[in-house]
Amino acid sequence: MSCLELRAFSVDFGCLSKFRVKKGSGMRFFVKGSAVSSPQSVQDASLRMEKSKKAVRVGVLGASGYTGSEIVRLLANHPHFGITLMTADRKAGQSIGSVFPHLITQDLPDMVAIKDADFSDVDAVFCCLPHGTTQEVIKGLPKGPKIVDLSADFRLRNVDEYEKWYGQPHRAAELQKEAIYGLTEVSREEIKNAWLVANPGCYPTSIQLPLVPLIKERLISLENIIIDAKSGVSGAGRGAKEANLYTEVSEGIHAYGITNHRHVPEIEQGLSDASQCKVTVSFTPHLMPMSRGMQSTIYVEMAQGVTIDDLYKQLASTYEGEEFVKVLEKGAVPHTRNVRGSNYCFMNVFPDRIPGRAIIISVIDNLVKGASGQALQNLNLMMGFPENAGLQYQPLFP
């Protein structure tokens with residue numbers, strides 16, 4: 001007589017018990033272990049089981065900052081990634097919920113100092129540390145884990161350019177040669193095979209996504225590209241700074257980094273790659289009295305014989321089928337509020353009143369597509385999972 005062998009999970013003891021059911025007989029269950037004590041214990045056990053099933057163990061370095069906490073939020077619903085390590089030197093020993101109360105429901109390990117971190121239980125790392133500190137940290141990590149670096153430390157291929165713009169020598173020049181710049185929709189195939197990805201900055205993401213396709217097809221002039229960009233205050237990080245105080249930021253617009261913002265060489269590097277010659281842009285960023293969101297308004301001169309329809313068709317065909325980059329219907333104006341909390345980039349192109357010129361508007365959430373969301377998009381590719389895993393949050397409105 002053949003039998004079916006089933007397994008039952010004993011919640012209180014966390015053990016597996018076997019029982020047999022004869023074919024054709026009435027179902028009779030004999031399970032070792034105590035009964036479930038409460039609905040809460042069922043939920044806790046389910047969470048533990050789900051966590052144990054995660055295929056990729058993730059470390060988040062710098063979890064107490066805005067980009068680190070956003071990584072934690074996005075990973076809460078990721079089907080394959082589970083957090084096993086979080087670091088935050090100034091918050092070592094604290095839980096993520098005590099630092100960010102909106103994450104109090106997450107059952108995660110307490111944060112530790114980097115010097116005390118155990119990377120033996122980690123398959124992949126999100127590095128959310130301040131600029132200038134990441135190089136030595138990554139250089140000191142054990143070989144094996146895939147790494148996505150959200151700082152600027154590996155974005156510039158030329159280490160002399162890095163020193164010029166960031167005011168200090170690059171401390172891991174040998175690793176810079178192995179880093180892949182992670183503008184996902186542009187460098188997807190290279191990212192898939194990388195072990196170290198330099199996640200793009202927020203401004204460069206919002207600017208390169210619309211400009212790269214147009215430059216590659218030689219639809220716009222490389223001269224006189226003017227970029228007027230605006231960001232929410234979270235783009236400046238969580239550190240206490242006088243310029244970011246409420247009374248300094250509210251009820252006004254604050255231009256900064258005029259002609260010398262550190263994202264300039266990153267923007268020009270990407271546009272120069274697209275054109276295969278040196279591109280110089282005029283870029284002025286502004287701080288806006290809002291917590292998150294970014295808009296880049298870009299003024300370009302069209303190539304001889306090119307029309308607004310040509311620009312629109314090129315952008316639409318480039319991003320047709322892309323999940324996270326959307327070219328809006330003709331005439332529709334992209335707004336930051338319509339991408340808040342999501343990994344989307346919305347864009348559109350408009351005719352300027354000056355003949356032969358066009359205006360491009362691109363909007364993103366600076367903390368998601370401009371940082372943590374794109375980082376997760378990249379790690380999905382690096383680990384061989386669907387690119388949209390953990391990123392199918394719709395924008396939050398109102």
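In this predicted model, Lys278 is exposed, at 59% relative accessible area. Its salt-bridge partner is Glu268, with the closest N and O atoms 3.4 Å apart. The pair joins helix α10, which holds Glu268, to the loop between α10 and β11, which holds Lys278, across 10 residues. Glu268 itself counts as buried because its relative accessible area, 9%, is under 20%.

- The whole structure contains 15 salt bridges.
- One of them pairs Glu70 with Arg292, whose closest N and O atoms are 2.9 Å apart.
- This pair links distant parts of the chain, 222 residues apart: Glu70 belongs to helix α2, and Arg292 to the loop between β11 (282–287) and β12 (294–301).
- Glu70 is buried at 3% relative accessibility, and Arg292 is buried at 19%.
- Arg155 and Glu266 form another salt bridge, with the closest N and O atoms 3.3 Å apart.
- Because Arg155 lies in the loop between β6 (146–149) and α5 (159–166) and Glu266 in helix α10 (residues 264–275), this pair ties together parts 111 residues apart in sequence.
- Arg155 and Glu266 are both buried.

- Helix α2 (residues 66–75) is mostly covered, with 7 of its 10 residues buried.
- The buried residues are Gly68, Ser69, Glu70, Ile71, Val72, Leu74 and Leu75.
- The elements covering them include β3 (56–61), β4 (81–87), β5 (124–127) and α12 (368–383).

Technical notes. Residues are numbered from 1 along each chain as its sequence is written. This is a predicted model: local features need pLDDT of at least 70, side-chain atom pairs count only at pLDDT 80 or more; totals for chains, interfaces and linings use all residues. Side-chain values use heavy atoms; hydrogens and water are left out. Buried means under 20% relative accessible area, exposed over 50%, partly exposed in between (1.4 Å probe, protein chains only). Helices (H or I, at least four residues) and strands (E, at least two) are DSSP runs, numbered from the N terminus. Contact means heavy atoms within 4.5 Å. A salt bridge is a side-chain nitrogen of Lys or Arg within 4 Å of a carboxyl oxygen of Asp or Glu.
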